[in-house]
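Welcome! Please take a look at the sequence and the model first.

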Amino acid sequence: MKTFKKRTKGVISILSAMTLAAVTALSTVVPVAADSSVNEDVKNAADGVYAVELVYNDKDSGKKYPIYDGTGFFINDKTLITCEHVISIAAEDEDSIKNITGDYDADNLGVDIMLSSDISVTASIKKTSEIADWAILETKEAVNITPLKLADSETCQKTQEVYTLGYPGIIRQV
């Protein structure tokens, strides 16, 4: 259902969101040990990465229809950063929802954060940038999670290794 353009934006966009968060100095990270063959800091960072779902809540049937999903990461116990394209709907998908449910109302869209395979929390959208493809989400209540620790941009070095994380815990070095 997503266009190719929306999918490819996601790879670069989550890195943009991470950079934005690091620049705003929301948190710092313990320096990564260069001599570790299996980097424990990177493995531990995966604990802060979660699946984010845009869902359509059919008020008539009570069913919840997942539309898109993507990666997001908590930066504190209530705030999560993801890509804007994950939490916004394309016009062609509005028609698909209408075909499935018989109706479409943008007020029935919601965002769920999957804490585990069977536990999710609802989040509200606080700020977005369609151009930079980032979104800041907030849960109503604090969530008992370990937030992702972000690097301090002042201490990063040009030769430092960078890792990308996505759900379900895929770790890849770039």
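This is a predicted model: local features need pLDDT of at least 70, side-chain atom pairs count only at pLDDT 80 or more; totals for chains, interfaces and linings use all residues.

A polar contact here is a pair of N or O atoms within 3.5 Å, where one must be able to donate a hydrogen and the other to accept it. The protein holds four helices and eight strands, and the points below walk through some of them.

**The overall picture**

- The protein has 174 residues, and 37% of them count as buried.
- Among contacts with a separation of 6 or more, 63% are between residues 24 or more positions apart.
- The accessible surface is about 10,500 Å², and carbon and sulfur atoms account for 52% of that area.

**How some of the strands pair**

- Strand β4 (residues 109-116) pairs with strand β1 (residues 49-57) in the antiparallel sense, over six bridges.
- One place to look is Y56, whose bridge partner in β4 is L109.
- β4 also pairs with strand β5 (residues 119-129), again antiparallel, over five bridges.
- Here D112 has T122 of β5 as its bridge partner.
- With two residues between them, β4 and β5 form a hairpin.

**The nonpolar cores**

- The largest nonpolar core has 22 residues, and those touching the most other members are V52, I67, F74, I87, I89, V111 and L137.
- Two or more residues of this core come from each of β1, β2 (64-74), α3 (84-87), β4 and β6 (134-139).
- β1 is the top contributor, giving four residues.
- Beyond its neighbours within four places in sequence, V52 is in contact with a list of residues including Y68, L80, T82, I87, V111 and L137.
- Another core lies apart from the largest one, and its eight residues include V42, V49, I75 and L165.

- S61 sits in the loop between β1 and β2.
- With a relative accessible area of 42%, S61 is partly exposed, because it falls between the 20% limit for buried and the 50% limit for exposed.
- A polar atom of the S61 side chain lies 3.2 Å from the backbone nitrogen of K63.
- S61 and T101 are 40 residues apart along the chain, and their C-alpha atoms are separated by 8.7 Å.
- T82 belongs to strand β3 (residues 79-82).
- T82 has a relative accessible area of 0% and is therefore buried, since buried means under 20%.
- The side chain of T82 has a polar atom 2.8 Å from the backbone oxygen of T71.

**Helix α4 and its two sides**

- Helix α4 (residues 91-101) has D93, I97 and T101 among its residues, and these three are buried.
- Viewed down the helix axis, the buried residues of α4 fall within an arc of 65 degrees, so they line one face.
- An α-helix has 3.6 residues a turn, so residues three or four places apart point the same way.
- β1 and β2 are included in what covers the buried residues of α4.
- On the face turned away from the buried side of α4, you will find the exposed residues A91 and N99.
- After α4 comes G102, which has a positive phi, near 90 degrees.

Definitions and conventions: Residues are numbered from 1 along each chain as its sequence is written. Side-chain values use heavy atoms; hydrogens and water are left out. Two strands pair if DSSP finds at least two bridges between them. A nonpolar core is a set of buried Ala, Val, Leu, Ile, Met, Phe, Trp, Tyr and Cys residues joined through side-chain atoms within 4.5 Å. Buried means under 20% relative accessible area, exposed over 50%, partly exposed in between (1.4 Å probe, protein chains only). Contact means heavy atoms within 4.5 Å. The arc is that of the directions from the helix axis to the C-beta atoms. Accessible areas come from the Shrake-Rupley method with a 1.4 Å probe; for residues, only the protein chains shown count as cover.
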